[in-house]
Amino acid sequence: MTTTTALEDAGGKRRKAPTIFDVAERAGVSHQTVSRVINGDPTVREQYRSQVSDAVTELGYRPRAAARALAGGRSRALGIITAGDALYGPSSTAIGFERAARSAGYHVLLSTLPEDPRPVDLSGALTTLLAQDVASIVLVAADNRVLDALASLTVPVTVPVVVANAVQRDAARAPVAPSVAAVAIDQAAGTELVMRHLFDHGHRRIVHIAGPSVSQESEVRRSTYVRLMQESGLEPVVLDGDWTPASGFAAARTIDVHAVDAVFAGNDQMALGVLHAFADEGLRVPDDIAVVGFDDVPEAAHFTPPLTTVRQDFRAMGERVLETVRALVEGEPRDETLLVPELVVRRSA
């Protein structure tokens with residue numbers, strides 16, 4: 001089967017690039033509707049949004065923004081796509097990147113995805129950002145559904161893509177853009193810091209409360225915990241959570257505290273729920289049972305007791321993402337970058 005590009009017809013001859021009117025005709029809508037979809041108008045009906053996205057993909061249409069911020073002939077705009085949630089890690093990564101980019105003279109355009117993203121949602125976000133002539137796009141995604149959507153894209157992406165807050169895997173390596181790179185904080189190393197600390201202090205009956213299975217970071221923390229327990233000849237026990245304090249509280253209420261001497265919560269919010277549950281049961285932390293979290297949210301130092309946790313430097317993460325973006329724009333190949341977290345020891349363990 002022979003395919004043609006947006007600027008080439010079936011006979012191999014160059015033709016005029018498609019216009020917004022071509023897209024409108026193919027989608028069966030007005031050109032005003034096409035413009036509203038491209039510019040991310042949330043009031044457009046999903047049916048029309050889907051029709052326009054399909055037409056843009058089929059025609060290979062790439063609009064040009066009415067205004068570009070140029071420096072040396074190159075766009076100073078960068079795009080960032082987030083999963084649209086308020087979790088500490090992804091939101092801190094996005095903020096860190098925006099601040100680093102602004103300090104370097106770039107302006108950042110934001111697009112968010114719904115909590116349960118589909119390929120069409122990611123395609124729409126990419127189309128909206130490409131319409132603004134961004135030089136590169138950053139995808140803040142530790143959610144496997146977003147990475148799966150990236151792997152199945154059909155919309156042509158003509159700028160480099162950096163996947164932040166996720167360890168690169170087959171989905172992130174999909175050839176959807178001229179170059180794709182990943183920047184992440186080493187979740188396995190962070191989990192090893194937690195487990196070695198607990199082992200060194202004599203804890204052997206350790207329960208892990210994991211985050212949701214759709215989270216790549218949760219998967220890495222869970223699998224590393226299981227591996228280290230098994231390598232030490234110990235029985236791993238994993239309880240399911242969803243990152244919220246309520247899920248940590250509910251999981252802690254199911255623990256037989258007489259058979260457990262430490263709890264490793266997959267994030268600090270769940271650790272907060274664990275501390276609440278144990279306080280209700282009259283348990284003293286860490287005298288009766290130790291608790292460790294992950295992330296080092298600003299409030300962690302003020303939990304009761306102050307929480308031992310893993311600090312992830314999201315400011316450094318944002319700066320490294322920007323370095324990677326600039327390298328890719330300059331044509332320098334980049335692969336996976338892993339930043340090293342640190343253990344912050346406080347009174348809970």
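## Close-up views of a predicted protein model

**View 1. Helices α1 and α2 cross.** The axes of α1 and α2 come within 8 Å of each other and cross at roughly 100 degrees. Axes here are lines fitted to C-alpha atoms, for helices over the stretch in contact, and angles run from 0 to 180 degrees between N-to-C directions. The two helices α1 and α2 are therefore roughly perpendicular to each other, a label for angles of 65 to 115 degrees (under 35 is roughly parallel, over 145 roughly antiparallel, and the rest oblique). On the α1 side, the contact is made by Ile-20, Phe-21, Val-23 and Ala-24, and on the α2 side by His-31, Val-34 and Ser-35. Contact means heavy atoms within 4.5 Å. Helices (H or I, at least four residues) and strands (E, at least two) are DSSP runs, numbered from the N terminus.

A word on the model before moving on: this is a predicted model, in which local features need pLDDT of at least 70 and side-chain atom pairs count only at pLDDT 80 or more, while totals for chains, interfaces and linings use all residues. Residues are numbered from 1 along each chain as its sequence is written, and side-chain values use heavy atoms, with hydrogens and water left out.

**View 2. The whole protein.** Let's step back for a moment. The protein has 11 helices and 14 strands. Of its 349 residues, 51% count as buried, where buried means under 20% relative accessible area (exposed is over 50%, partly exposed in between; 1.4 Å probe, protein chains only). Take the contacts between residues at least 6 apart in sequence: 70% of them join residues at least 24 apart.

**View 3. Helix α3 and its buried side.** Helix α3 covers residues 46-59, which is 14 residues, and reaches 20 Å from its first C-alpha to its last, close to the 20 Å expected at 1.5 Å a residue. The expected span is 1.5 Å times one less than the number of residues. Which residues of α3 are buried? They are Arg-49, Val-52, Ser-53, Ala-55, Val-56 and Leu-59. These residues cover an arc of only 165 degrees around the axis, which puts them on the same side of α3; the arc is that of the directions from the helix axis to the C-beta atoms. A handy rule to remember: an α-helix has 3.6 residues a turn, so residues three or four places apart point the same way. The cover over the buried residues of α3 includes α1 (20-27), α2 (31-38) and α5 (119-130). Just after α3, Gly-60 takes a positive phi of about 70 degrees.

**View 4. Where α2 meets α3.** The axes of α2 and α3 come within 10 Å and cross at roughly 90 degrees. That makes α2 roughly perpendicular to α3. Look for Thr-33, Val-34 and Val-37 in α2, which meet Tyr-48, Arg-49 and Val-52 in α3.

**View 5. Leu-328 in helix α11.** Leu-328 sits in α11 (residues 314-329) and counts as buried, at 6% relative accessibility. Now find Pro-160: Leu-328 and Pro-160 are 168 residues apart in sequence, and 6.2 Å apart in space, C-alpha to C-alpha. Leaving aside neighbours within four places in sequence, Leu-328 touches Pro-160, Val-161, Val-162, Ser-179, Ala-181 and Arg-334. The buried residues of α11, Leu-328 among them, pack against β3 (77-82), α4 (88-103), β5 (137-140), β6 (161-164), β7 (180-185) and β13 (337-339).

**View 6. Asn-267 and Trp-243.** Asn-267 is found in the loop between β10 (262-265) and α10 (268-280), and is buried, with a relative accessible area of 3%. Besides neighbours within four places in sequence, Asn-267 is in contact with Arg-221, Trp-243, Gly-293, Phe-294 and Asp-295. Trp-243 lies in the loop between β9 (237-240) and α9 (245-253). Trp-243 has a positive phi of about 85 degrees although it is not a glycine, and counts as buried at 10% relative accessibility.

**View 7. Backbone angles to look out for.** Most residues other than glycine have a negative phi, and most peptide bonds are trans. In the loop between β11 and β12, Asp-296 has a positive phi near 60 degrees. Which peptide bond ends at Pro-286 and is cis? The bond from Val-285 to Pro-286 is cis, with omega near 10 degrees, and Pro-286 is in the loop between α10 and β11 (290-292). Another cis peptide bond joins Thr-304 and Pro-305, with omega about -5 degrees; Pro-305 is found in the loop between β11 and β12 (309-311).
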